[in-house]
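Good morning, and thank you for coming.

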Amino acid sequence: MERVYLNKIGEHVGKEVEIKGWLYNKRSSGRIQFLIIRDGTDLIQGVLVRDEVPTEVFEAAKTLTQESSLIVRGVVHEDERSVSGYEMTITDLEIVQIAEEYPITPKEHGVDFLLDRRHLWLRSQKQHAVMLVRNEIIKASRRFFDDRDFILMDAPILTPAACEGTTTLFETDYFEEKAYLSQSGQLYMEAAAMAFGKVYCFGPTFRAEKSKTRRHLMEFWMIEPEVAFADMEDNMQLQEDYVCYIVQQVLQNRRKELEILERDISKLEAVVAPFPRISYDEALEILRKNGVEKEWGEDLGGGDETIIANQFDRPVFVHRYPTEIKAFYMKPDPERPEVVLGSDLLAPEGYGEIIGGGERISDPELIMQRLREHNLPEEDYAWYLDLRRYGTVPHSGFGMGLERAVSWICGLSHLREAIPFPRLINRLYP
Ligand code: 4AD
Ligand code: MG
């Protein structure tokens, strides 16, 4: 008998097949038992009728507890009313293990209780749906950059120097030296772009964020393209194409998961080009009109981002932030050096910044001066300065925080559910 996966069950209607999985839930009406079975790909309702199966099979089913592992055989039917649109009339059942009393029950649990059991919580339907959307975004990202002939270049995780400021560095011993967990692959992608033209990296990045917010993880994944001879406009165009693509792919391939998550799909359907582009100065103006007075030069906080994003039904670029508050590598606008040719992309519905990026400094003198202004030791960046000495060119890139995108697209209230095993300020377990 053929063993099938539930996400392909539709190809087996009318046939007798085997399913290997776990008991998600069950109910019984005495004569009939309904087993909701999951196999990692989907759920199905299995039906056992007392008078139609051997007594031992019917009795064995009664002993099944939540999350017991099992193998069932039976015939597949279409059934609109059931969880997956299909149902199985079970004729045979093999128990792999009767699970101990499972801690996560269909009733409501607190978040800490669930996070302590993240290794089990991942089996729940909503968490499962989030991970499938995450996987879809990753696949779409790879496809997007592959199709445009970007080369995937892996950046190192152990690094000798900071990319995004020294306050959020995780430090570790590296034999006689100090090393830091990477905050961003960008600096290495700049080197790679000079070697390959168009590159991207996709890897874990680390920030010792000392504040507890719903938008910050200590460990998150970032997709970071970098393009030689691209300016800020090219960079925003690439971001717009990319974000539209991943949203489209999720809408096309993971609609069912969005429905499980009760996501307002119309909000995602509104995500089409062109995205509005406003300057930092205009952003301050919007804030002022909404009763928030900011001094020119102050950074935008999460609440400010929400006010700005709420003016639009799709992601909005905020560009030309004050040079003072941005990273050392950002290129000042030649016409107005007090602002940089960088941008943040703010997601709608209060999700805030999902992308940061911009044009990099290509001038050797200026980059050295900026390092000094940021108190960054020149010798640590000698290799980076080489990129400005041997055929320097204008170049741009950006980084999208994967969990920020997952959280927005899924409509989650906190980043912790957007990654399989979140690392939070007070949590390193499991
Ligand atoms: O704006 P950031 O700090 O930019 C960079 O790291 C650049 N070097 C990227 C580049 O140009 N290649 O971070 C980029 C993105 C943010 O927009 C956000 O989506 C995400 O990374 N991010 C975080 N996500 C989760 N938890 C955190 N603590 C994050 N910090 C940044
Ligand atoms: Mg940023």
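Let me start with a definition: two strands pair if DSSP finds at least two bridges between them. The elements themselves are DSSP runs, numbered from the N terminus: helices are runs of H or I with at least four residues, and strands are runs of E with at least two. This is a predicted model, in which local features need pLDDT of at least 70, side-chain atom pairs count only at pLDDT 80 or more, and totals for chains, interfaces and linings use all residues. Residues are numbered from 1 along each chain as its sequence is written, chains are lettered from A and ligands numbered from 1 in the order in which they are written, and side-chain values use heavy atoms, with hydrogens and water left out.

Strand β1 (residues 2-3) runs parallel to β2, with two bridges between them; here E2 faces V17 of β2. Strand β3 (residues 32-38) is also paired with β2, in the antiparallel sense and over six bridges. There, L23 stands opposite I37 of β3. The strands β2 and β3 make a hairpin with three residues between them, and G30 in its turn has a positive phi of about 85 degrees.

Which strands form the open sheet in which the pairing is antiparallel? There are three, in the order β8-β10-β9. The strands β8 (158-159) and β9 (171-174) are at the edges with a single partner strand each, so one side of each has no neighbour in the sheet. Four bridges connect β9 to strand β10 (residues 177-181) in the antiparallel sense. T172 has A179 as its bridge partner in β10, and D173 has K178. The strands β9 and β10 form a hairpin with two residues between them. F175 is in the loop between β9 and β10, and its phi is near 55 degrees, a positive value in a residue other than glycine. As background, most residues other than glycine have a negative phi, and most peptide bonds are trans.

Where does the model have a cis bond with omega of about 0 degrees? This bond joins A273 and P274, and P274 belongs to the loop between α8 (265-269) and β13 (277-279). A further cis peptide bond runs from Y429 to P430, with omega near -5 degrees. P430 is found in the segment after α13 (402-410).

We now come to another sheet. Eight strands form an open sheet with mixed pairing, in the order β7-β11-β12-β19-β18-β17-β14-β13. At its edges are β7 (151-152) and β13; each has a single partner strand, so one side of each is left without a neighbour in the sheet. Inside this order, β18 and β19 run antiparallel and are joined by five bridges. One facing pair is G356 and G399, the latter in β19.

Finally, the ligand. How many residues surround ligand 1? The answer is 25, and the closest are E164, Q186, R207, E224 and E353; a residue counts as near if one of its heavy atoms lies within 4 Å. At least two residues of this shell come from each of β12 (219-228), β18 (352-359) and β19 (395-401). The largest share, five residues, is supplied by β18.

An N or O atom in the side chain of E164 is 2.6 Å from a nitrogen atom of ligand 1. From the backbone, an N or O atom of I354 is 2.8 Å from an oxygen atom of ligand 1, and for a backbone N or O atom of G356 the distance to an oxygen atom of the ligand is 3.4 Å. Taken alone, ligand 1 exposes 630 Å², of which the protein buries 94%; these accessible areas come from the Shrake-Rupley method with a 1.4 Å probe.

Thank you for your attention.

Note on methods:
Polar contact = N/O pair within 3.5 Å; in protein donor to acceptor, adjacent residues only side chain to side chain.
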